[in-house]
Amino acid sequence: MFTITPAGTMNRLFVDGPDASDYPRINDYFNRAYQRDPENFSREFESLRREHEAFHSLQSIAGYCCAKPFGYAGDFRLIDRLYTHYIGSGVHIARWDAFAQAQPAAVAVRNRKTYFIDLMKANLPANVLNVASGPARDVLEFFGYCPDAAVVIDCLEYDAHAINYAGSLLKGNCRVRFTQQNILTWKAEGTYEMVWSSGLFDYFTDGVFVRVLRKLLGCVAPGGQLVIGNFSDENPNRAFMEVGMQWFLHHRSPEQLIDLAKQAGAEAWNPEVKSEPAGVNLFLHLTKPA
Ligand SMILES: C[S@@+](CC[C@H](N)C(=O)[O-])C[C@H]1O[C@@H](n2cnc3c(N)ncnc32)[C@H](O)[C@@H]1O
């Protein structure tokens, strides 16, 4: 095993679970070992995963993400665990879940929900296309702040489990409509004042990113905006996500996002990249010329 702390210290941490004062040391452990030899560290980490519930149990954040019960990392249940500050039961899992929830990447996921709500409140669009809506907790909370908003939100999502879950959260809200579709094969219809997609494009290669973006450009009404979230290449938790959680994303820089927007034909859409307060989730903003 990689030794980067005094012998036995890391073992104790894995058994007991960390407290807040241990968090910097754990990140340092993941980041340094992964940077030194990613393949070897990943292989060696598998024995820690087998030994420690916090890294294999469905009740834990990291174990659930790694197990991929719906076939992919970052499903609606995991994302909603992050949104709702879920902590699994038992001291060992609870301590590791508290670590996961305190990390900038988890904070950034929660911040993107706020980012969506703030965008909605600032622009009050009449209609929205929400691509890859997942648990739709962002939509639910928006209506909590603006119960009378005159908006129709079309949620496009390919996982039927996610749609059922989100539908149960938003039960009775007839301003939210769900469509089970794969964005790759979906035939675009109509236009929207706002098109929003977070937690999707960072699963795409550059080629697919450009292809889907080009499709979505056709869904924006004149003067309307398209906002796409993507994890930053400066994510300080990448090692923990990739090794501890088996959650791999295409991290990108602001320059890369702007370049992809141009490749998709959005040069004249005033491409701009902003970020949530943690600086981990970037947002590409495009405005269709009126
Ligand atoms: C990480 S979650 C993000 C959910 C939500 N946008 C959020 O930020 O809370 C990604 C979602 O994308 C959906 N998804 C992945 N690929 C998709 C595709 N090709 N078409 C439609 N939805 C897709 C998944 O089912 C999942 O619910």
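Predicted model: local features only at pLDDT ≥ 70, side-chain atom pairs only at ≥ 80, totals over all residues.
View 1. The contact between them (heavy atoms within 4.5 Å) takes 33 residues from domain 1 and 26 residues from domain 2. Residues are numbered from 1 along each chain as its sequence is written, and side-chain values use heavy atoms, without hydrogens and water. Local features need pLDDT of at least 70 and side-chain atom pairs pLDDT 80 or more, while totals for chains, interfaces and linings use all residues.

**View 2. The shell around the ligand.** Around the ligand are 18 residues, each with a heavy atom within 4 Å of it. Y83, A132, E157, N182 and S198 come nearest. The shell holds 8 nonpolar, 7 polar and 3 charged residues. Here Ala, Val, Leu, Ile, Met, Phe, Trp, Tyr, Cys and Pro count as nonpolar, Asp, Glu, Lys and Arg as charged, and the others, Gly among them, as polar. Both domain 1 (9-103) and domain 2 (106-287) supply at least three shell residues.

View 3. An N or O atom in the side chain of Y83 lies 2.6 Å from a ligand oxygen atom. For R112, a polar side-chain atom is 3.0 Å from an oxygen atom of the ligand. The side chain of N182 places an N or O atom 2.7 Å from a ligand nitrogen atom. The ligand on its own has 600 Å² of accessible area (Shrake-Rupley method, 1.4 Å probe), and the protein covers 96% of that area.

Conventions. Polar contact = N/O pair within 3.5 Å; in protein donor to acceptor, adjacent residues only side chain to side chain. Domains from an automatic or database assignment.
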